[in-house]
Each structure stands twice: as structure tokens, then as C-alpha cells.
Amino acid sequence: MARQELLRSVFDQSLPRRSASQRKLRSEAMSRHLISNVSQDRVKINARDRVFVLTGAGISAESGLKTFRDGNGLWAGYRVETVATPEGWDANPELVWQFYSERRRESQASHPNAAHYALAELEDKIGDHLFLCTQNVDDLHERGGSRNMVHMHGELFKSRCEADCGAPVIEDRNGYRSLCEIPLCACGARLRPHIVWFGEIPLQMARIQHEIDCCSILLVVGTSGAVHPAASFVHWANMRAASPARTYYVGPEKPLNANAFTQIILGKAGEKLPGLFNLL
Ligand code: APR
Ligand code: ZN
């Protein structure tokens with residue numbers, strides 16, 4: 001795998017068990033959408049299938065979180081280079097923390113939607129035959145009940161040493177507005193958001209590559225296909241000479257890599273995912 005394809009990094013996480021209140025919220029959110037989905041194409045899944053799901057910002061859109069590429073190159077009013085690159089961090093860590101502190105606030109105030117719940121429900125049914133890889137840094141998949149998953153672009157509610165001194169990644173839900181509020185690692189360096197910025201290497205790529213190699217169905221939801229390596233996953237699944245995967249995209253508009261998919265299912269994730277899976 002070329003290094004450029006990997007550029008952009010990963011983590012180890014343990015996921016919470018699903019609670020009774022999560023189950024109730026999930027079933028309410030899903031039942032609101034099932035009726036509108038009766039006539040759509042369905043993804044057939046048999047007992048031998050292995051399903052790889054890649055999600056992007058679009059799956060959290062119906063939870064009220066903005067996607068990235070709908071603001072003229074600005075993310076919530078910030079230039080990407082200033083808040084999502086190592087150079088931006090070096091130049092102005094205060095601004096970077098203000099940006100991610102706002103994202104933490106917004107994410108804490110949001111809730112999983114029917115699409116997050118639909119994926120958790122599928123995992124309930126097929127267990128470790130489902131692997132979920134998200135580019136999102138919010139925790140809506142976990143709060144929806146997903147467990148077998150990775151955040152290839154890091155996690156909003158974690159922080160780590162900017163100097164990579166070997167100190168562990170920590171859970172962190174705080175907001176930092178000024179330079180003097182930014183906590184220091186034991187080594188004396190600053191703590192930075194546990195986010196994979198442009199120019200950094202996505203997380204857990206070996207595991208992701210393995211799961212793509214093993215899958216028979218690849219489902220991509222709500223990502224514009226603009227950022228690699230995630231945008232290449234569909235090509236990796238297609239390139240396997242012996243057994244190319246069946247590949248599906250779900251979102252309201254075609255992604256940049258639309259031609260690589262077996263099927264494009266146009267519509268909002270929260271309306272299309274519940275009822276999409278036909279377990280044989
Ligand atoms: N359901 C499904 N998809 C949706 C919805 C919805 N309700 N609303 C919007 N979308 C789609 C848009 O059509 C678009 O294709 O979500 C996609 C969002 O695209 P981007 O904003 O480019 O986000 P994403 O592809 O996740 O970005 C990838 O780039 O900026 C970096 O690290 C960041 O992880 C991010 C990566
Ligand atoms: Zn350190």
C-alpha cells in the first residue's frame with residue numbers, strides 16, 4: 001500500500017455494551033422510518049457474507065452535525081489548513097483547540113439517528129460478520145450501539161501528547177479556549193486532539209485492509225469519496241481477482257468514486273438504512 005494512500009491515523013478502543021435506554025431510543029428512531037423504505041432495493045446478506053461498512057460525515061448529518069464539504073472549503077467557518085493539519089497546530093494550537101472544543105460541544109448535544117441504529121441492529125444480528133470503519137470522529141456509532149468498529153480518523157473525545165512521547169491516549173471531554181488552558185503531558189509537551197489530520201497516517205490500516213480483503217459486501221454511507229485512503233476502499237474490494245465484493249453506496253448524491261460501486265442508493269442514510277438489509 002503506497003504511503004500516500006495511508007496518509008491522513010488510528011487507535012485502540014473498547015466499546016460499551018448496549019444499554020436498555022439505547023435499545024429503546026433505537027427502536028423508536030427506526031420505526032419512524034421503516035414505512036418509507038418498503039419499496040427500495042435491499043442488500044441481501046446470507047450466513048456466509050462478511051459486511052464491511054465505511055461511514056462518513058453524511059451519516060451524522062441527520063443528527064445535526066455538519067458535513068465538511070458543504071461550506072465553500074470552510075469547516076464551520078474555519079479554514080481546513082488552519083485547524084486540521086500538523087502545520088496549523090504548530091502555528092496556532094489555541095485556534096485548533098477552539099475548533100475541536102466547539103466540535104465536542106456540538107457532538108455532545110447531538111444524538112444517534114436511525115442510520116446509526118440500523119447498523120447497530122445489523123451487528124446484533126450478524127455479529128462479527130459486520131465490521132464498521134468510520135471516518136467520523138464523533139461517538140454517535142458507539143452511542144447507537146455499534147461495537148466492532150474503528151475510527152480511522154481518530155476520536156473527538158480523546159487527546160494525546162503532541163510529542164508522541166509514548167504516554168497513552170486519554171479520554172477527554174473538556175473544552176479549551178485559550179493557550180493557558182491547554183493541558184500538558186507529563187513530558188511537558190501540549191496535549192493535542194486525537195484526530196488524524198491531513199498529512200498524517202490513518203489509524204488501524206492493517207486491520208482495515210484485512211477486513212476489506214475478507215468482506216463479500218462493502219457498504220459505504222455518506223462520504224464524498226474525496227479523501228484517501230477511504231475513497232480507495234471500494235477499489236480495493238473490486239480489485240480482488242478471485243472474489244470481488246458487491247459494493248453499495250448510500251447517500252443523497254453520487255460520491256466522486258460513484259462509478260466503482262455495484263449499486264448507488266440515492267437518499268438520506270436515516271431513511272435508507274433502516275429496512276435496507278435482507279437477511280437470508
Ligand atoms: N445521509 C447520507 N449522506 C449524506 C447525508 C445524509 N443525510 N447528508 C449529506 N450526505 C453526504 C453528502 O452528499 C456528501 O457526499 O455526505 C457526504 C459528506 O461528504 P464530506 O463532507 O466530504 O465528508 P466525508 O466524506 O466524511 O469527509 C471525509 O475528510 O475532511 C476530512 O477527516 C475529514 O473524515 C473526513 C474526511
Ligand atoms: Zn508526552
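How many helices and strands does the protein chain have? In this predicted model, the protein chain has 10 helices and 13 strands, where helices (H or I, at least four residues) and strands (E, at least two) are DSSP runs numbered from the N terminus. Residues are numbered from 1 along each chain as its sequence is written, while chains are lettered from A and ligands numbered from 1 in the order in which they are written. Because the model is predicted, local features need pLDDT of at least 70 and side-chain atom pairs count only at pLDDT 80 or more, whereas totals for chains, interfaces and linings use all residues.

The pLDDT, which is the predictor's confidence in each residue on a scale from 0 to 100, has a mean of 88 over the protein chain, and 84% of the residues reach 70 or more. Over residues 8-17, however, the pLDDT is below 50, and this stretch has 29 contacts in the model beyond near neighbours in sequence, two residues being in contact if their C-beta atoms, placed from the backbone, lie within 7 Å. The pLDDT is also below 50 over residues 30-39, a stretch with 17 contacts beyond near neighbours in sequence. Where pLDDT is low, the predicted coordinates should not be read in detail.

Of the 280 residues in the protein chain, 43% are buried; a residue is buried if 20 or more other C-beta atoms lie within 10 Å of its own, exposed if 12 or fewer, and partly exposed in between, with C-beta atoms placed from the backbone. Leaving aside neighbours within four places in sequence, Leu218 is in contact with Phe52, Ile212, Phe233, Val234, Ala237, Ala245 and Thr247.

Ligand 1 has 22 residues around it, of which Gly56, Gly58, Gly222, Thr223 and Ser224 come nearest; a residue is near a molecule if its C-beta atom, placed from the backbone, lies within 6 Å of it. The shell divides into nine nonpolar, nine polar and four charged residues, where Ala, Val, Leu, Ile, Met, Phe, Trp, Tyr, Cys and Pro count as nonpolar, Asp, Glu, Lys and Arg as charged, and the others, Gly among them, as polar. Ligand 1 lies between domain 1 (1-9 + 41-65 + 112-153 + 202-280) and domain 2 (66-109 + 158-195), because both give residues to its shell; the domain bounds come from an automatic or database domain assignment.

Several local features of the backbone were also found. A cis peptide bond with an omega of about 10 degrees joins His228 and Pro229, and Pro229 lies in the loop between strand S10 (217-221) and helix H9 (233-239). Asp164, in the loop between strand S7 (154-161) and strand S8 (170-171), is not a glycine but has a positive phi, near 55 degrees, and it counts as exposed because it has 11 C-beta neighbours inside 10 Å. Gln204, in the loop between strand S9 (191-195) and helix H8 (205-214), has a positive phi of about 55 degrees although it is not a glycine, and Gln204 is partly exposed, with 18 other C-beta atoms within 10 Å.
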